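The exercises below are to be worked with the sequence and the three-dimensional structure at hand. Each task is followed by a solution in steps.

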Amino acid sequence: MSEEPILSPFDVIPLSVGQFLDVVNIALRGSPASVYGEVVEVKESSKWVSFTLKDKEEEAILKCVLGVWQYRRIGVRLEDGMEIRVKGNPSISKRFGSFGFWVEEIEPLGEGSLKRAYELLQKQLAMEGLFNRKRALSEFVRSVVVITSRDGVVIQDFKKNLIKRGIKVSLLDTRVEGQSAVPGLLSCIEFVSKTDGRFDVLVVMRGGGSLESMQAFNNEAVVRALFAVPIPTVAAIGHDVNVPLVAMVADREVSTPTAAAIALNQSWDRLSIGLPVLASKIVERYAVSLPKERVERAVERMLTRFGAVLSNFSHHGTLYASRIMNAYSRLFQEVNKLEHALLRCADRLGNAIIRANDSVSRVSRLLTLADPGRNLRLGYSIIFDSGGKVLKSIESVRKGDTLRSKLSDGEVSGTVDEILGER
Amino acid sequence: MKKQSIKQLLDKLESIAGWFEKEKDIDVEEGLSKVKEGALIVRELRAELKEVENEFEEIKKDLVVE
């Protein structure tokens, strides 16, 4: 039976300090942990944020660190005295040889810490002016994107109260509860930011809740992402005392999904309320401007366009003016809906004038055909006897009579040599 | 109808209404021509006020998460 050789620490492969710490850190990285405690000594440099987590029960501390970018992404502002829970990995700094904790997530614990984190962030964002910009919703909203949970009642309330104008509502389903809702909310908001022109407005919705359940809506990264959305935003988030920071940064803040729907419905007001008003204005003003004598003058002006040939038919002008006035009177007597009045007014007055024009044109054509001058130009002539009477038959003509013949451009005269009778 | 054209048509209708308000001595024929133009616009815009059911769609999550 052979004996196992006894190995001393110096018999294993020797490692440099750096190599050894690399091995240790690789091993530690496989041990993610969640640790809670009280924050002390928060320090922020241009690249790093560090703080110490202190145990409240015994004398124990944990040095924590994370990059500034990560701190911003997590979106929770820290201050000494806050109670938090951190998730991350333990690690040993190769440079300083110190043990620490690389933080990946931070969650305030307890109402006091949540409120303090809320106040700190609110102050910071207000100082940057993020709550001052308020863009108007576009008119005639036709495409809405909603970020909320598909399982909540809020989306149903919103849909039920939205005006029926063929509006396309697109839902981006995401969690809305607690700190864990942050990544989903962020990805949805960033998606909307990338779809330029597809949506008219973004609505972020959730029902009311405690400061703890509302954490994602008070998260710095979420608030900043919403501020960066290129289209107008509406926040419909229920709340009590503390208005969620997402609601404060949105262009329009309401507290219920019904109110959000009403805000979008109002984007149609200029058409739904304005159209009847405009129509009635036009009809009323035109009605006031149309005393009978002015209509008659207008018809007369129209008739004179046909020239002197119509002079014998001036009674037609009066007749048509009268018809137009009758149409006009009937119109305004029976109009109930003002928006229809425009159409009727235009149709009836317009048609009356068109009919008058047509009739006058027809009379004009008939007169032209009957004009004797036109027949003379075609080669016909008119024969007068010596007394100047128009000859219509050979019975009144005798041999030797002197007759005068009118042609298109003058007259000729001559003596009757022979009467032939009808051939 | 695109919403831009709703805006343009409403602007046009407002300018017609403005013309009637501004003109003190409205010419009957010019007024009629404006009324006819306004009537056509009203007819088009009224079509936009008809009740049309809204559409609803859920955008798939995989389109969102990169």
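**Exercise 1. A helix pair in chain A**

A:Val154, A:Asp157, A:Phe158 and A:Asn161 of helix H4(A) meet A:Pro257, A:Thr258, A:Ala260, A:Ala261 and A:Ile262 of helix H8(A); contact requires C-beta atoms, placed from the backbone, within 7 Å. Describe the composition and the geometry of this contact.

Solution. The model is a predicted one, in which local features need pLDDT of at least 70 and side-chain atom pairs count only at pLDDT 80 or more, while totals for chains, interfaces and linings use all residues. Residues are numbered from 1 along each chain as its sequence is written, and chains are lettered from A and ligands numbered from 1 in the order in which they are written.

Step 1. By class, the contact of H4(A) with H8(A) has six nonpolar, two polar and one charged residues. Ala, Val, Leu, Ile, Met, Phe, Trp, Tyr, Cys and Pro count as nonpolar, Asp, Glu, Lys and Arg as charged, and the others, Gly among them, as polar.

Step 2. H4 covers residues 154-161 and H8 residues 257-265 of chain A; the two pack at an angle of about 30°, with their axes 8 Å apart. Axes are lines fitted to C-alpha atoms, for helices over the stretch in contact, and angles run from 0 to 180 degrees between N-to-C directions.

Step 3. The crossing of H4(A) and H8(A) is right-handed, that is, the near helix is turned clockwise from the far one, whereas a left-handed crossing has it turned anticlockwise by less than a right angle.

**Exercise 2. The make-up of the chains**

How many helices and strands does chain A have, and in what order do the elements of chain B run?

Solution. Step 1. Chain A holds 14 helices and 13 strands. Helices (H or I, at least four residues) and strands (E, at least two) are DSSP runs, numbered from the N terminus.

Step 2. Chain B has three helices and one strand, in the order α-α-β-α from the N terminus on.

Step 3. Of the 423 residues in chain A, 29% are buried; of the 66 residues in chain B, 24% are buried. A residue is buried if 20 or more other C-beta atoms lie within 10 Å of its own, exposed if 12 or fewer, and partly exposed in between, with C-beta atoms placed from the backbone.

**Exercise 3. The barrel of chain A**

In what order do the five strands of chain A close into a barrel?

Solution. Step 1. The order is E1-E2-E3-E5-E4, with mixed pairing. Neighbouring strands of this sheet are turned by 55° against each other on average, direction ignored.

Step 2. E2(A) (residues 48-54) and E3(A) (residues 61-67) pair in the antiparallel sense over seven bridges; two strands pair if DSSP finds at least two bridges between them. A hairpin of six residues joins E2(A) to E3(A), and A:Trp48 has A:Gly67 as its bridge partner.

Step 3. E3(A) also pairs with E5(A) (residues 99-108), in the parallel sense over two bridges. Here A:Cys64 has A:Phe101 as its bridge partner, and A:Val65 stands opposite A:Trp102.

**Exercise 4. The interface of chains A and B**

Which element gives the most to the side of chain A that touches chain B, and which strands join across the interface?

Solution. Step 1. In total, 42 residues of chain A are in contact with 37 residues of chain B. H10(A) gives the most to the chain A side, with eight residues. That side divides into 22 nonpolar, seven polar and 13 charged residues.

Step 2. The 15 residues of H10(A) should span 21 Å at 1.5 Å a residue, and the end C-alpha atoms are 21 Å apart, which agrees; the expected span is 1.5 Å times one less than the number of residues. Among the buried residues of H10(A) are A:Leu278, A:Ile282 and A:Arg285.

Step 3. E7(A) and E1(B) (residues 55-59) run parallel and are joined by five bridges. A:Leu171 stands opposite B:Glu58.

Step 4. A:Arg150 lies in the loop between strand E6 and H4 of chain A. Leaving aside neighbours within four places in sequence, A:Arg150 is in contact with A:Ile155, A:Leu171, A:Asp173 and B:Glu58. A:Arg150 counts as exposed because 12 C-beta neighbours lie inside 10 Å.

Key:
Contact = placed C-beta atoms within 7 Å.
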